[in-house]
Amino acid sequence: MSGDVAVLGAGMHPWGKWGRGFVTYGRIAARAALADAGIDWPEVRSVVGAQTVRGGYPGYVAGATFARALGWQGARVASVYAACASGAQAVDTARAQILAGLADVVLVVGADAAPKGFFAPAGGERPDDPDWLRFRVLGATNPAYFGLYARRRMALYGDTPDDFALVKVKNAAAGALNEYARYRTPVTAEEVAASAMVADPLRLLDICATSDGAAALVLCSMEFARRRGVRDPVRIRAVSTVTPTFPRTVLDLPDIGTDSAVAVDPSPESFRASIARTAYEEAGIGPEDLSLAEVYDLSTALELEWYEDIGLCGPGEGAKLLRSGATAPGGRIPVNASGGLASFGEAVPAQAIAQVCELARQLRGRAGQRQVPGARAGITANQGLFGHGSAVVAVR
């Protein structure tokens, strides 16, 4: 059996701060995906919702929440939470259902209405929760970790704040061309350098915002696509959701300590690199086969690290690759042609789905001024809390 499933439709709600509930955003994105697929809602046989911890109980049962918002019609339902990887886990669940023969057509939806400012832990007293502890013991917000990652790159590889700023400049230029992006104004390196310091060396424009937004996909079996006359659909060929390998010797969200390497040598491969490698192995391709990539640029420094983790260059060579123009529009391997989180901000359960939406548009040749010429294969990559991460490979 082929492991491919077809992407029949993709839809989004624009990112921003709209003052509405996540269900409204998700319903709009879902209807857009259904229209793009040419599918009537009753034809959908399963709904997989990427959960949000905001919005109360409806957010925890997101699959049923979106099914109800679209109108009960008897489809099976599932809800998935994996922090920033929730959307990709939802795609993986839908793919598994299709390959198992449980449903021919599955709707995947993620939506969020995020708070202004930093993400905070859930309420209550939970001394066994590392996410709660890092706020209570250290006051360490997410940008504090981003600053540590950036400092590590500066110490190990000689990266500079100027290198980080160029990531923002590149992504802002792409986001200015994306109708779904929240921030659609190009910026200069000088503007990045003049923005407020948040977590040294990262400034305000180095760090992604929190946003409202939604994204949805209609996935189906290859046979269903053929029956609908779609002979050459975009196909999801691999979804990687592997966990880290013990011991972890590099500090990572939300932990405030690392594992001991006294008894066991650390893996020569980082967690993020293992996510991408597993996806390549399943897809039967390598980084040399990619036309583009969408990576989780929580900060500008982290985008440089993803270049290395997904195999576009060797360790410490991310800034050099950026400066060569290879990852810019028109370059050898454009990264974040959508504009990335720099242009969207985080709508946690939606973002990994939005990454696949971008691949689908690019591989169909429908990305407008952002189009990567001749795009045939792409990868998404992101990382969530507690050992969650994902990579999705899509091909045409």
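Two strands pair if DSSP finds at least two bridges between them. Helices (H or I, at least four residues) and strands (E, at least two) are DSSP runs, numbered from the N terminus. The model is predicted: local features need pLDDT of at least 70, side-chain atom pairs count only at pLDDT 80 or more, and totals for chains, interfaces and linings use all residues. Residues are numbered from 1 along each chain as its sequence is written, and side-chain values use heavy atoms, with hydrogens and water left out.

**View 1. Strand β8 and its two partners.** β8 and strand β11 (residues 389-395) are antiparallel and share 5 bridges. Here Ser240 stands opposite Ala391 of β11. Strand β1 (residues 5-16) also runs antiparallel to β8 (residues 234-240), with 3 bridges. Ala6 faces Arg235 of β8, and Val7 has Val234 as its bridge partner. Is β8 enclosed or open? Of its 7 residues, 6 are buried, so β8 is largely enclosed by the rest of the structure. Buried means under 20% relative accessible area, exposed means over 50%, and partly exposed lies in between (1.4 Å probe, protein chains only).

**View 2. The open sheet.** The sheet has 9 strands, in the order β3-β2-β4-β7-β1-β8-β11-β10-β9. Its pairing is mixed. Which strands are at the edges? They are β3 (76-80) and β9 (292-295), and each pairs on one side only. From one strand to the next, the twist averages 25°. For such angles, axes are lines fitted to C-alpha atoms (for helices, over the stretch in contact), and angles run from 0 to 180 degrees between N-to-C directions.

**View 3. Two cysteines apart.** A disulfide is a covalent bond between the sulfur atoms of two cysteines. The cut-off used is a pair of cysteine sulfur atoms within 2.5 Å. How many disulfides does the structure hold? The count is 0. The sulfur of Cys220 is 15 Å from the closest cysteine sulfur, in Cys357, which is too far for a bond. Cys220 is buried, at 0% relative accessible area. Cys357 is buried too, with 0% relative accessibility.

**View 4. A nonpolar surface patch.** Val53, Tyr57, Tyr60 and Tyr81 form this patch, with about 440 Å² of accessible area together. Areas come from the Shrake-Rupley method with a 1.4 Å probe; for residues, only the protein chains shown count as cover. Patch residues have over 30% relative accessible area and no salt bridge; like charges are joined within 9 Å, and nonpolar side chains (Val, Leu, Ile, Met, Phe, Trp, Tyr) within 5 Å. A salt bridge is a side-chain nitrogen of Lys or Arg within 4 Å of a carboxyl oxygen of Asp or Glu. Tyr60 belongs to helix α2 (residues 57-60). Tyr60 is partly exposed, at 40% relative accessibility.

View 5. Most residues other than glycine have a negative phi, and most peptide bonds are trans. Ala83 has a positive phi of about 55°. Ala83 sits in the loop between β3 and α4 (86-99), and is buried at 7% relative accessibility. Phe386 has a positive phi of about 60°. Its loop runs between β10 (377-383) and β11. Phe386 is partly exposed, at 46%.

**View 6. Two cis peptide bonds.** Asp200 and Pro201 are joined by a cis bond, with omega about 15°. Pro201 lies in the loop between β5 (197-199) and β6 (202-203). The bond from Leu253 to Pro254 is cis, with omega near -5°. Pro254 is in the loop between β8 and α10.
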